[in-house]
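Q: I've got a model open here and would like to go through its packing. Can you take me through it?

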Amino acid sequence: MIEIRWHGRGGQGAITAAKIVANAAFVSGYKGVIMAPTFGTERRGAPVFTSLKISKKKLYDLSPITTPDMVVVLDHSLLEEVDVVAGLKEGGLVVLNAPKPVDEYSFEGMKVAVSDVTAHGVTAGLPPGIVNSGIIGAFSKASGLVDIDVLVEAIENEFTGKKPELNAKSAVIAYENTALGGE
């Protein structure tokens with residue numbers, strides 16, 4: 001089982017991104033896929049998170065993720081507000097939307113993947129601040145768990161009527177521009 005925790009801000013689409021990856025993982029042959037969104041009194045801009053578990057075998061564990069294998073961070077400014085790596089397993093992966101190069105980020109004993117998803121979304125033609133589709137591309141490149149082509153199709157299906165081609169393009173650009181480092 002692979003446990004992934006997604007961190008974002010209210011309104012950024014962390015839950016939608018995790019849902020898209022969950023659907024694509026299932027299509028890719030993962031028999032166990034559990035996405036557990038966390039809702040509360042969050043407001044737009046407040047830190048939020050959601051959990052995604054995927055496995056090649058059926059899953060029955062619905063418990064919250066406390067020791068993720070990886071974390072996906074939709075907004076680098078969360079690093080100053082939230083301990084996004086809390087409980088992250090040794091050698092785990094941090095996928096980060098950030099404008100600085102990967103060597104600017106150090107998470108001791110962790111792998112790091114960085115892509116300026118915010119800028120890539122604008123390059124793709126999306127309004128500034130739309131990062132959920134782009135972070136999926138960075139996730140694909142960094143994790144290797146779900147093929148980018150399957151994720152692009154899942155993005156297009158999710159955003160039908162909401163610029164699906166631009167969201168898919170954002171994911172591809174982020175995929176192509178994700179730098180890996182750490183450990």
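Predicted model: local features only at pLDDT ≥ 70, side-chain atom pairs only at ≥ 80, totals over all residues.

Q: Fine. How many residues are in the largest nonpolar core, and which have the most contacts inside it?

A: That core has 37 residues. Those with the most contacts inside it are Ile4, Trp6, Val72, Ile135, Phe139 and Leu145.

Q: Which elements give two or more residues to it?

A: Among the strands they are strand 1 (2–9), strand 3 (47–55), strand 4 (70–73) and strand 5 (93–97). The helices on the list are helix 1 (14–27), helix 3 (132–143), helix 4 (148–158) and helix 5 (164–176).

Q: And which gives the most?

A: Helix 1, with 8 residues. Apart from this core lies another one, of 14 residues, including Val94, Leu96, Val102 and Val112.

Q: Back to phenylalanine 139. What is it in contact with?

A: Leaving out neighbours within four places in sequence, phenylalanine 139 contacts Ile4, Trp6, Val21, Met70, Val72, Val95, Gly144 and Leu145. With a relative accessibility of 0%, phenylalanine 139 is buried, because the cut-off for that is under 20%.

Q: How many aromatic pairs are there?

A: The count is 1. Tryptophan 6 and phenylalanine 139 form it, with 5.6 Å from centre to centre and 40° between the planes, which makes it tilted.

Q: Which parts does that pair tie together?

A: Tryptophan 6 is in strand 1 and phenylalanine 139 is in helix 3, so the pair links parts 133 residues apart in sequence. Tryptophan 6 also has a relative accessible area of 0%, so it counts as buried.

Q: What about valine 72, where does that lie?

A: Valine 72 lies in strand 4 and is buried, at 0% relative accessibility. Not counting residues up to four places away in sequence, valine 72 touches Ile4, Arg5, Trp6, His7, Val95, Ile135 and Phe139. Its C-alpha atom is separated by 8.4 Å from that of glycine 8, 64 residues apart along the chain.

Q: Changing topic: charges over rings. Which ring does lysine 56 lie over?

A: Lysine 56 lies over the face of tyrosine 30, 4.1 Å from the ring centre. In another case, the charged end of lysine 141 sits over the ring of tyrosine 175, at 5.1 Å from its centre.

Q: Now the helices. At what angle do helix 3 and helix 5 pack?

A: The angle is about 35°, and their axes are 7 Å apart. The crossing of helix 3 and helix 5 is right-handed.

Q: Which residues meet there?

A: From helix 3 they are Ser133, Gly134, Gly137, Ala138, Ser140 and Lys141. From helix 5 they are Asn167, Ser170, Ala171, Ala174 and Tyr175.

Q: Is serine 133 buried or exposed?

A: Buried, with a relative accessible area of 0%. Serine 133 is in helix 3, and beyond its neighbours within four places in sequence it contacts Leu126, Ile155, Phe159, Asn167, Ser170 and Ala171.

Q: Last one, the backbone. What is phi of lysine 163 near?

A: Near 55°, a positive value in a residue other than glycine. Most residues other than glycine have a negative phi.

Q: And where is lysine 163 found?

A: In the loop between helix 4 and helix 5. Lysine 163 has 43% relative accessibility, so it counts as partly exposed.

How values were computed. Residues numbered from 1 in each chain as written. Heavy atoms only, no water. Core = buried A, V, L, I, M, F, W, Y, C linked by side-chain atoms within 4.5 Å. Buried < 20%, exposed > 50% of the residue type's maximum accessible area, 1.4 Å probe, protein only. Helix = DSSP H or I, 4+ residues; strand = E, 2+ residues; numbered from the N terminus. Contact = heavy atoms within 4.5 Å. Phe/Tyr/Trp six-rings, centres within 6.5 Å; stacked < 30°, edge-to-face > 60°. Lys NZ or Arg CZ within 6 Å of the ring centre and 35° of its normal. Axes fitted to C-alpha atoms, helices over the stretch in contact; angles between N-to-C directions. Left-handed = near helix turned anticlockwise from the far one by under 90°.
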